[in-house]
Amino acid sequence: MKQLRISLSGFFAFILIAFLSSCSQVNPQQEKAALTELLGEFLTNVDDPNMHDRLWAEDLVYTGSAGTRHGKDVIMDGMSEAESDTAQSTGPSYSYDSLQVKLFGNTAALTFRLIAETPTTTGVDTSYYLNS
């Protein structure tokens, strides 16, 4: 799970396809609120493979902090490989601030500052990462 935590807490870009409503006329403010809620839920459940499956679009192009690109299949494979590590280590908890949500039809782009708080023997180490 350590490799996944590093890529999540590093600089990454993601665009997700949002299928938020079955109706043809969706209120942009409702859509933005639903995406904001989904981001919060994702960051709270970042170790849950079902959450990743729900969040990432099938045609995702993910750029990791090292500049490598891959799709949803690589993320999901990493989740199943990392499941055994989850019980052994306490990793960071994630939150965000400075969120901007831009809607483009059935696609949304989210930019935000990712906040990673990692427990240490002396307290909590807080790191910040820009995401778009």
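## Surface and basis of the model

The chain exposes about 7900 Å², of which carbon and sulfur atoms supply 50%; accessible areas come from the Shrake-Rupley method with a 1.4 Å probe, and for residues only the protein chains shown count as cover. Of the 132 residues of the chain, 32% count as buried, where buried means under 20% relative accessible area, exposed over 50%, and partly exposed in between (1.4 Å probe, protein chains only).

This is a predicted model, in which local features need pLDDT of at least 70 and side-chain atom pairs count only at pLDDT 80 or more, while totals for chains, interfaces and linings use all residues. Residues are numbered from 1 along each chain as its sequence is written, and side-chain values use heavy atoms, with hydrogens and water left out.

## Order of elements

The chain contains four helices and six strands, arranged along the sequence in the pattern α-β-α-α-β-β-α-β-β-β. Helices (H or I, at least four residues) and strands (E, at least two) are DSSP runs, numbered from the N terminus. Among contacts in the chain with a separation of 6 or more, 53% are made by residues 24 or more positions apart, a contact being heavy atoms within 4.5 Å.

Leu43, leaving aside its neighbours within four places in sequence, is in contact with Tyr94, Ser95, Tyr96 and Leu114.

Helix H2 has 17 residues and reaches 24 Å from its first C-alpha to its last, close to the 24 Å expected at 1.5 Å a residue; the expected span is 1.5 Å times one less than the number of residues. The buried residues of H2 are Glu31, Leu35, Leu38, Leu39, Phe42 and Leu43. They cover an arc of only 125° around the axis, and therefore lie on the same side of H2, the arc being that of the directions from the helix axis to the C-beta atoms. The face turned away from this buried side carries the exposed residues Gln29, Gln30, Glu37 and Thr44.

E4 and E5 pair in the antiparallel sense over ten bridges, two strands being paired if DSSP finds at least two bridges between them. Asp97 has Arg113 in E5 as its bridge partner. E4 and E5 form a hairpin with two residues between them, and Gly105 in the turn has a positive phi of about 65°.

E5 and E6 also run antiparallel, joined by nine bridges, and a hairpin connects them through two residues. The bridge partner of Leu114 in E6 is Tyr129.

## Two residues with accessible surface

Asp53 lies in helix H3 and, at 41% relative accessibility, counts as partly exposed. Not counting residues up to four places away in sequence, Asp53 touches Glu58, Lys72 and Met76. The C-alpha atoms of Asp53 and Ile75, which are 22 residues apart along the chain, are separated by 9.0 Å.

Val124, in strand E6 (residues 123-131), is exposed, with a relative accessible area of 56%. Val124 touches Glu117 and Thr118, again not counting residues up to four places away in sequence.
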